[in-house]
Amino acid sequence: RVHGGLFVMGERRSILYTLLIWCLQIVVNTFFRTVKRVGHENFPKSGPTIVVANHSNQFVDAILLQTHCQRPISFLIAEKSLHRPVIGHLARLMKSVPVVRRRDVAVRGLGTIVAFKIEQQQQQ
């Protein structure tokens, strides 16, 4: 089931999703000798949960979380990344939630910015 574009916890995983996780586990086992999960007993087994990862590499963090969490996870992804051929397809497969970032829709302003130097009066 998909509800509002979000992954509903407890749903059966699709065959493609399961295959993707299996492939990601091969990647993790190839590049990392060991991955130690710390505090996983505190992770709720059901219900909505927000996981915040302080990432140095957004793809490595996503792969590690996806392969070492016992429940399906949806990630936030920059909306413009959904339009990239490989990344976008994988993100949709993993039920990622698109987010429009301010910097992705910024436009160059018109006009001139002027700064004035204000001299302070010294009190005597």
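**View 1. Lys95 is partly exposed, with a relative accessible area of 24%.** Here "buried" means under 20% relative accessible area, "exposed" means over 50% and "partly exposed" is what lies in between, using a 1.4 Å probe and protein chains only. Keep in mind that this is a predicted model, in which local features need pLDDT of at least 70 and side-chain atom pairs count only at pLDDT 80 or more, while totals for chains, interfaces and linings use all residues. Residues are numbered from 1 along each chain as its sequence is written, and side-chain values use heavy atoms, with hydrogens and water left out. Lys95 sits in the loop between α3 and β4, just after α3. The thing to look for is its backbone: Lys95 isn't a glycine, yet its phi is positive, at about 60 degrees.

**View 2. Zooming out, the protein has 3 helices and 4 strands.** These elements are DSSP runs, numbered from the N terminus: helices are H or I with at least four residues, and strands are E with at least two. Walk along the sequence and you get the pattern β-β-α-α-β-α-β. The protein has 124 residues, and 21% of them count as buried. Take the contacts (heavy atoms within 4.5 Å) between residues at least 6 apart in sequence: 52% of these join residues at least 24 apart.

**View 3. Helices α1 (residues 15-31) and α2 (residues 58-68) pack at about 115 degrees, with their axes 9 Å apart.** That angle makes α1 roughly perpendicular to α2. On this scale, 65 to 115 degrees is roughly perpendicular, under 35 is roughly parallel, over 145 is roughly antiparallel and the rest is oblique. The axes are lines fitted to C-alpha atoms, for helices over the stretch in contact, and the angles run from 0 to 180 degrees between N-to-C directions. The crossing itself is left-handed; in other words, the near helix is turned anticlockwise from the far one by less than a right angle, whereas clockwise would be right-handed.

**View 4. Here are the residues where α1 meets α2.** From α1 come Tyr17, Ile21, Leu24, Gln25 and Val28, and from α2 come Ile63, Leu64, Gln66, Thr67 and His68. Sorted by class, this contact has 6 nonpolar, 4 polar and no charged residues. The nonpolar class is Ala, Val, Leu, Ile, Met, Phe, Trp, Tyr, Cys and Pro; the charged class is Asp, Glu, Lys and Arg; the others, Gly among them, are polar. The buried residues of α2 are Asp61, Ala62, Gln66 and Thr67, and α1 is part of what covers them.

**View 5. The largest nonpolar core brings together 10 residues.** They are Tyr17, Leu20, Ile21, Leu24, Ala62, Cys69, Ile73, Phe75, Leu93 and Met94. In soluble globular proteins, nonpolar side chains tend to be buried together. For a closer look, pick Ile73: leaving aside neighbours within four places in sequence, Ile73 is in contact with Tyr17, Leu65, Gln66 and Met94.

**View 6. In helix α3 (residues 85-93), the buried residues are Gly88, Ala91 and Leu93.** They pack against α1 and β3 (76-78). Ala91 is buried at 5% relative accessibility. Apart from neighbours within four places in sequence, Ala91 is in contact with Ile77, Leu82 and Ser96.

**View 7. Ser81 is found in the loop between β3 and α3.** Although in a loop, Ser81 is buried, with a relative accessible area of 15%. Neighbours within four places in sequence aside, Ser81 is in contact with Ile87 and Gly88.

**View 8. Val99 lies in strand β4 (residues 97-99).** Val99 counts as partly exposed at 31% relative accessibility. Not counting residues up to four places away in sequence, Val99 touches Leu76, Ile77, Ala78 and Glu79. From Val99 to Leu76 is 23 residues in sequence and 6.5 Å in space, C-alpha to C-alpha.

Key: A nonpolar core is a set of buried Ala, Val, Leu, Ile, Met, Phe, Trp, Tyr and Cys residues joined through side-chain atoms within 4.5 Å.
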